[in-house]
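The report below describes a protein chain by its sheets, its helix packing and a few individual residues. Please keep the sequence and the structure in view while reading.

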Amino acid sequence: MALMLFNVLGRTIQEFVPLTPGQVTMYVCGPTVYDHPHIGHAKTYVAFDSLVRYLRSTGLNVLYVQNITDVGHLLDSGEDRILRKAAQTQARPMQIVETYTKSYFDAMDALGVGRPDISPRASGHIPEQIKMIETLVSKGFAYEAGGSVYFDVAKDPDYGKLSNRRLQEQESGTREAVRGDKRNPEDFALWKKAEPEHILRWDSPWGEGFPGWHIECSAMAKKYLGDTFDIHGGGIDNIFPHNESEIAQSECANDADFARYWLLVGSLTVDGIKMSKSLGNFTTIADALQRYQPGVIRMFMQSVHYSNPVDYSEGALDASARGWERIANAVRLVQQTLRSAPATDDGLHFSERLAAARAAFNTSLDDDFNTPGAIAVLQDLTREVNSLLNSGAAVGKAALEAIDATYRGTAGDVLGILPAGETAGAGSAQREAALIQLLIDLRTQARKAKNWAESDRLRDELAAIGVVLEDRADGTVWKVNG
RNA sequence: GGCGACGUGGCCAAGUGGCAAGGCAAAGCUCUGCAAAAGCUUGAUCACCAGUUCGAAUCUGGUCGUCGCCUCCA
């Protein structure tokens, strides 16, 4: 079965065929590290994390590069984002970079987002960027003006092919004020001359300055993935000018196609409006994690197709949490039942159902990474697993292990929405489990004696400290609430 | 103004030509000492109008509405 992807470049659904069989090269635009990441960032990086997990689960070898932007990303005012933050907090720019790079990775780790294979920093690749700019100048695609270098969009007939913008259409709406030294208003900076107060600066053939925002991605993608690579990802909000400019720079400099498949993720919104730093309508990932488990947040974001926007609200998260719990409860029940399951083949007929679910799961993801469809498959499976386990029929160890493995291979390894699970190895956790079991045993005795007051008291007091008991026909199981 | 996405049951959402997935919420039921969990049952003239077709949520044209980008954002 072939993976089909909607390629924004060309706006068609295409079969994904890597340049090199068995190998996938992938670049995703990373964050500018001047503040804590918010859940809008999480949506994008969770999407590509799951895509990488899926590609790897099918046996592909993925090389995943995602940059850290720590220089060159300017505000409207011309101020560098990093420098402004540094000035506000009286810190050195690279302190800011370290602080928020750590914050970013901490948040991603907490969400179960795997680290990229390479996380190159823009400031660590100044020579590569200068070299690419020199190539563009020597080929006539860029020109120097007043100590800065600009890309001459008029020289690139393909400019606009990703976002479908044509120069003449844009001309009328462009403000004169942004023209400056540029030949055309649409020309964008490859290198900017540093004013005296601009302390993030490097030597270059054009004097002291700093790189433009777009060139870092072109230079670093080339360095780690080559002139042409398979997948370029990012948020849809960067399609223009950033992604468009990346293509222009790279293809003009390298005389080769840049990314072969463009996958852009829809924005996370709040009350229908895009979550963004500038609007102030953001929730940091750390704050969201205070209220919701990582699996809940991941499931919420993946309950909508990656290319669509998803509207954030506590009500929406709560609804996702309920749906997530149903799956998580079933997985936990399987694991708990497994502990005392007989080593028989009872219930192995369910394997056929598992294979069908696994196939349906992959079919959904092969269809332009349709995660809502894949989640629906898991919901269907969960209903049947619950029916099986509650039917009273004997289910042996082999069948339970097969169910567990199916959840791990789908909800766990690919979508990353399973709870961490009780790690039986940790000493204190083991002790806690034993203590809870002791209390459950006491309560079971009380229940046998029909001492409901005592049994309810034990249950209520455990609930008060976050341990929820559920009585089943074959015994009492427990879970930690929240 | 230009480019792009979208409008599916109370809410979220999949579905690109052949009887409309899934989740949340609500109601009833089953199981249970009670509770919890789980299961069963109950819901849609697919924004509107006009076309194409044997047949349209799905294709074409138009209307209305929402959002993104065009200027910093994943």
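Four strands make up an open sheet in the order 5-6-7-8, with antiparallel pairing, where two strands count as paired if DSSP finds at least two bridges between them. Helices (H or I, at least four residues) and strands (E, at least two) are DSSP runs, numbered from the N terminus. Strand 5 (142-145) and strand 8 (209-211) are the edge strands of this sheet, each pairing on one side only. Neighbouring strands here are turned by 20 degrees against each other on average, direction ignored; axes are lines fitted to C-alpha atoms, for helices over the stretch in contact, and angles run from 0 to 180 degrees between N-to-C directions.

This is a predicted model, in which local features need pLDDT of at least 70 and side-chain atom pairs count only at pLDDT 80 or more, while totals for chains, interfaces and linings use all residues. Residues are numbered from 1 along each chain as its sequence is written, chains are lettered from A and ligands numbered from 1 in the order in which they are written, and side-chain values use heavy atoms, with hydrogens and water left out.

Within the antiparallel sheet, strand 7 (residues 188-193) is joined to strand 8 by three bridges, and K192 has F210 in strand 8 as its bridge partner. Helix 4 (residues 126-138) lies across strand 5, strand 6 (148-151), strand 7 and strand 8, and runs at about 120 degrees to strand 7.

Another open sheet has four strands in the order 4-3-9-10, with parallel pairing. Strand 4 (61-66) and strand 10 (259-265) stand at its edges with a single partner strand each, so one side of each is left without a neighbour in the sheet. From one strand to the next, the twist averages 20 degrees. Strand 9 (residues 229-235) pairs with strand 10 in the parallel sense over six bridges, and F229 stands opposite A259 in strand 10. Helix 7 (residues 239-254) packs on this sheet, where it touches strand 3 (23-28), strand 9 and strand 10, and its direction makes about 170 degrees with that of strand 10. Contact means heavy atoms within 4.5 Å.

N254 lies in helix 7 and is buried, with a relative accessible area of 12%; buried means under 20% relative accessible area, exposed over 50%, and partly exposed in between (1.4 Å probe, protein chains only). Not counting residues up to four places away in sequence, N254 touches M132, K139, K222 and D227. The side chain of N254 also makes a polar contact with the side chain of K222 at 3.0 Å, a polar contact being a pair of N or O atoms within 3.5 Å; within protein, one must be able to donate a hydrogen and the other to accept it, and residues adjacent in sequence count only if both atoms are side-chain atoms.

S455, found in helix 15 (residues 452-464), is buried as well, with a relative accessible area of 1%. Leaving aside neighbours within four places in sequence, S455 is in contact with R443, A446 and R447, and the backbone oxygen of W452 lies 3.2 Å from a polar atom of the S455 side chain. S455 and A259 are 196 residues apart in sequence and 64 Å apart in space, C-alpha to C-alpha.

| Residue | Helix | Relative accessible area |
|---|---|---|
| N254 | helix 7 | 12% |
| S455 | helix 15 | 1% |

Helix 9 (residues 294-302) is mostly covered, since eight of its nine residues are buried, namely G295, V296, I297, R298, M299, F300, M301 and Q302. These buried residues pack against helix 1 (39-57), strand 11 (268-270), helix 8 (285-291), strand 13 (310-312), helix 10 (314-339) and helix 12 (371-390).

Helix 12 also packs with helix 11 (residues 350-366), at an angle of about 165 degrees and with the axes 7 Å apart. That makes helix 11 roughly antiparallel to helix 12, the term for angles over 145 degrees. Residues making the contact include F350, R353 and L354 of helix 11 and T371, G373 and A374 of helix 12.

For chain A as a whole, the secondary structure comes to 15 helices and 15 strands, and the C-alpha trace spans about 90 × 50 × 40 Å along its principal axes. Of its 482 residues, 50% count as buried.

Key: Angles under 35 degrees count as roughly parallel, over 145 as roughly antiparallel, 65 to 115 as roughly perpendicular and the rest as oblique.
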